[in-house]
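Below is a short briefing on selected side-chain and backbone features of one model. The points are grouped by topic.

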Amino acid sequence: MRNSAWWKSGFLSLILFGFAISLTFAQERTVTGTVSSETEGTIPGVNIVIQGTTQGAVSDVDGNYSITVPGPDAVLLFTSIGYSTQSITVGNQTSIDVILVEDITQLDEIVVIGYGTQKKKEVTSAIANVKSEEFNKGMVNNPAQLVQGKVAGLSISKPGGNPNQGFTMRLRGMSTIGANTQPLVVIDGVVGGSLDNVDPNDIESMDVLKDGSAAAIYGTRGSSGVIIVTTKKGRKGTAHIDYNGMVTMESVGKYPNVMDVDQWKAMSAETGEGTNFGSQTNWFEETTNTAIQQAHNLSMSGGTDKTTYMASFNFRDGDGVALNTGYTQVNGRLNLRQKAINDRLTIDMNIGATQRESQYGFDEAFRYASIYNPTAPVRSEDAQYQQYDGYFQQVLYDYYNPVAMMEQNVNEGKDQRVNVALKGAFEIIDGLKIDAFYSVQNQNFARGMYRDKNSYGTGMDRNGLAERRYDENSFQLFESTINYLTNISGASLQVLGGYSHQSFNYEGFSAEGGDFITDAFTYNNLGAAKDFNEGLGDVSSYKNSNKLIAFFGRVNLNVTDSWFLTASARYEGSSRFGEGNKWGLFPAIGAGVDLANVLNIASMDNLKLRVSYGITGNQPSNSYQSLMRLGPSGNFYYNGEFIPGYAPVSNANPDLGWEKKGEFDIGVDFSLLNGELFGSFDYYTRITTDLLFTYEVPVPPNLYSTAQLNLGEINNSGLELTLTWKAVQTSDFSWSTTITPTYYLKNELVSLSGVYNGAELTYGVRDLGAMGAPGQSGVPLVRAEEGQPIGQLWAHTFVEVGPDGDLILRDTNEDGTVDELDRSVVGNGLPDAEFGWGNMFSYKNLDLNIFFRGVLGHDLNNTYRAFYEVPQMIGSYNLPVTADDMRNAETGTLLNNSSGVLSSLHIEDASFVSLDNISLGYNFDMSGNSAFRNIRIFVAGNNLFYITKYKGVDPSPRYDDGGNVLIPGIDRRNTWFRTRSVSLGVNLGF
């Protein structure tokens with residue numbers, strides 16, 4: 001019996017062992033595939049190893065491999081010199097094709113320059129590169145917002161939360177006062193492309209050409225800098241489908257600090273002013289709401305060795321925080337690349353199209369919501385208000401029920417943009433390429449506004465008022481370049497030559513008419529306006545065009561990766577100039593030396609000193625400024641009837657020529673600790689001469705009172721630093737931080753004087769701008785003075801509130817009388833410094849991004865306080881909450897500023913630090929048999945808080961006032977309230 005038991009147990013063990021062996025072999029399988037790269041085709045000699053073992057294989061000369069794996073949980077590691085290691089879980093797959101990504105060091109990163117690319121280590125000018133993973137997160141609706149605070153020297157600002165308002169961009173301060181102040185935008189080679197025709201989800205990278213040497217290759221329009229946008233392209237390999245979706249809740253971040261009902265009643269009792277209508281209305285709650293926005297992006301990409309593609313569809317829809325405001329936007333993009341003739345011929349086609357429908361609302365409603373009586377109702381059943389469709393109205397100057405304004409009237413529009421670009425490049429011999437590029441862009445803008453017949457104010461006065469406007473602008477661009485790259489005795493030489501021809505067309509018309517029998521058609525039945533039968537309607541139209549033609553070239557030299565030289569020139573002509581000045585030459589040169597290589601500094605990966613100088617230009621904003629033009633001017637009596645007359649509306653200036661900016665830049669690029677710490681430092685100084693500016697000229701001898709001239713000079717300079725530290729880099733946790741501070745040393749209006757038609761034109765000192773109505777139309781805002789900084793805020797100096805509530809101001813000139821001669825400089829509207837500070841964390845599958853932004857040293861004229869911080873005005877308005885400095889310290893008497901004197905009391909330090917955006921995401925692990933390539937969920941916040949002493953709703957800089965860049969720092973009463981938002985989103989890859 002004992003032997004039998006032994007035999008049975010031994011036999012059972014043998015069976016179990018055999019079963020285990022068979023199960024093991026049953027799970028084993030052979031996996032085959034091909035290994036290739038995005039640019040070099042198949043890769044031989046790639047090591048494929050099963051993670052945790054020494055078992056492996058090597059790809060053959062055609063990139064093919066075969067390996068036996070123990071089961072579905074096996075992880076294959078693909079490694080090859082020059083490429084990043086890639087790991088793939090086998091799952092139930094038997095065929096796995098892999099595309100390895102080149103392992104590019106920080107110095108070998110490619111940056112986009114004008115008409116080409118360079119390795120970062122070869123760049124001799126100030127260029128900043130921001131990749132998609134570094135972009136600002138959250139609900140970003142405008143591409144400019146992606147790099148806000150990310151580039152030293154690039155200021156991007158948008159006061160308030162208007163979803164239909166664009167961003168103001170300034171690069172290295174102000175370089176012009178009468179021409180284009182925004183950087184030139186180049187999108188996939190399209191010079192002058194519209195950022196509004198690119199969805200932020202479709203952008204791969206943005207390169208900013210900051211100095212004159214980098215921008216000179218673009219000549220005429222490079223003075224304010226250049227932003228080069230590269231959109232996402234397809235890559236060969238497995239087709240990918242990606243979806244990105246987001247839902248956002250946006251709310252008002254700050255309201256003006258106005259009185260509530262109880263405070264208003266107390267002030268009314270103290271002053272004996274004001275009417276209590278018996279209601280309790282929070283006008284901010286009535287005119288604003290929590291806005292819901294959504295964004296969806298669906299893209300498809302992939303390709304073969306010969307053809308690659310990327311197609312995307314974007315949908316955005318959202319409300320504004322103000323009643324009856326918002327937008328709906330649809331965008332599509334298609335990027336195709338085809339190779340032929342043994343890959344020597346490459347054809348690229350890019351198509352982008354956008355349609356946006358917007359509800360603009362009425363900005364002035366924010367002003368009225370801030371000042372409307374809190375005891376007044378929104379609506380009333382009283383018979384006297386039925387003429388206003390039941391909305392409460394109080395008949396006072398510049399005083400309207402804001403809810404009625406938003407609900408009774410219509411203000412909307414539709415924008416359509418299309419851009420098509422086609423490029424063919426042929427490599428004649430190794431290193432010699434020639435290409436031709438053609439692009440056409442068309443933009444259409446339709447606007448419609450209607451003021452209801454029963455809308456108190458203009459609508460009622462005109463018995464309904466309709467406005468309609470159409471504008472169209474387009475351009476065609478043809479460019480061709482020839483590029484030669486060769487190596488000579490260890491030196492790399494690249495030579496570029498090119499030709500550019502761009503033609504622009506602008507046209508449009510507008511019509512306005514009133515007196516309708518019904519509101520039913522709003523602005524869509526202008527022919528029914530009786531104004532046109534009575535000669536009261538208004539119709540206008542326009543059309544103009546211009547051309548730019550240029551020849552350009554550049555030479556790049558790299559000697560042993562240590563010495564670098566770049567020289568370029570652009571010879572460009574514009575039809576907008578006078579007969580003798582249509583052409584201009586814009587040269588540039590830059591040199592650099594990597595001291596780490598030359599001096600063999602072992603502790604430094606890179607220490608490149610670079611110096612550059614370049615000249616860029618600017619042309620007038622409008623065509624025909626060099627010509628004498630005629631326009632309607634009254635009537636004259638002839639042969640028994642009145643004949644319309646014409647008179648000059650401009651002076652001829654055949655000498656009108658290029659505005660030129662010369663810029664010197666010295667910088668250092670550095671990298672150490674094996675690329676863990678790297679950055680750049682720059683000092684720049686720029687002088688703009690022959691400023692394009694509209695001057696007042698004497699009549700006679702001139703036929704008109706103003707002329708577009710080249711006179712004057714601006715000088716500005718500054719310091720910039722970009723510093724990145726990859727502080728922690730482990731398998732589970734990483735942290736990198738980047739800071740981008742900028743300090744503006746000088747922004748000076750050197751001169752605005754000169755000679756025209758034999759007359760001496762002396763600008764000297766000018767007081768510019770006006771506070772406006774009510775009561776302050778003659779009050780200036782800014783002093784512009786030769787030899788002084790731009791942006792000097794001009795006002796009386798507040799001393800104290802007198803015992804009787806009188807306003808005590810400084811007698812600046814000490815003549816015993818306080819008058820307009822006692823105004824002085826009380827601040828400056830331009831910032832002294834700016835910075836961005838970003839932190840990127842990752843822990844296993846979690847990622848966290850936090851970005852702070854600061855703007856320091858600028859002041860704002862808080863016009864809301866200047867107009868309404870007057871207790872005696874409570875008879876008509878709600879007012880700001882009374883501050884301590886609005887009373888006499890001893891008697892407690894309220895300030896009586898009923899005359900509306902602007903003083904330093906209303907000029908405030910608007911420096912701020914904000915938490916611009918923060919995002920937290922989680923990436924799910926994807927097994928080999930998952931239908932998804934990746935899944936990421938995230939939550940993000942934008943503009944969550946501001947740290948500032950400014951009492952207004954938004955401390956962001958105002959870089960102009962009504963388009964006049966000589967008047968910065970004015971916070972107008974119609975500014976939208978600042979907003980903050982929280983978003984939930986998902987990224988899916990298939």
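Val 939 is found in strand E54, strands being DSSP runs (E) of at least two residues and helices runs (H or I) of at least four, both numbered from the N terminus. With a relative accessible area of 33%, Val 939 is partly exposed; buried means under 20%, exposed over 50% and partly exposed in between, with a 1.4 Å probe and protein chains only.

The model is predicted, so local features need pLDDT of at least 70 and side-chain atom pairs pLDDT 80 or more, while totals for chains, interfaces and linings use all residues. Residues are numbered from 1 along each chain as its sequence is written, and side-chain values use heavy atoms, without hydrogens and water.

**Nonpolar patch**
- Val 939 belongs to a nonpolar surface patch of about 840 Å², whose other members include Phe 733, Tyr 843, Leu 920 and Val 982.
- Patch residues have over 30% relative accessible area and no salt bridge, and nonpolar side chains (Val, Leu, Ile, Met, Phe, Trp, Tyr) are joined within 5 Å; a salt bridge is a side-chain nitrogen of Lys or Arg within 4 Å of a carboxyl oxygen of Asp or Glu.
- Accessible areas come from the Shrake-Rupley method with a 1.4 Å probe, and for residues only the protein chains shown count as cover.
- At least two residues of the patch come from each of strand E53 (912-923), strand E54 (934-948) and strand E56 (978-989).

**Aromatic pairs**
- The whole structure holds 35 aromatic pairs, meaning rings of Phe, Tyr and Trp (its six-membered ring) with centres within 6.5 Å; planes under 30 degrees apart are stacked, over 60 edge-to-face and the rest tilted.
- Tyr 399 and Tyr 877 are edge-to-face, because their ring centres are 5.4 Å apart and their planes stand at 75 degrees.
- Tyr 399 is in the loop between helix H6 (364-371) and helix H7 (402-408), and Tyr 877 in the loop between helix H10 (863-868) and strand E52 (907-909), so the pair ties together parts 478 residues apart in sequence.
- Both Tyr 399 and Tyr 877 are buried.
- One aromatic cluster includes Tyr 399, Tyr 877, Trp 283 and Phe 867.

**Backbone**
- Most residues other than glycine have a negative phi, and most peptide bonds are trans.
- Val 699 and Pro 700 are joined by a cis peptide bond, with omega about -15 degrees.
- Ala 773 and Pro 774 are also joined by a cis peptide bond, with omega about 5 degrees.
- Glu 814 has a positive phi, near 55 degrees, and counts as exposed at 70% relative accessibility.

Methods: Patch = residues over 30% accessible without salt bridge, like charges linked within 9 Å, V, L, I, M, F, W, Y side chains within 5 Å.
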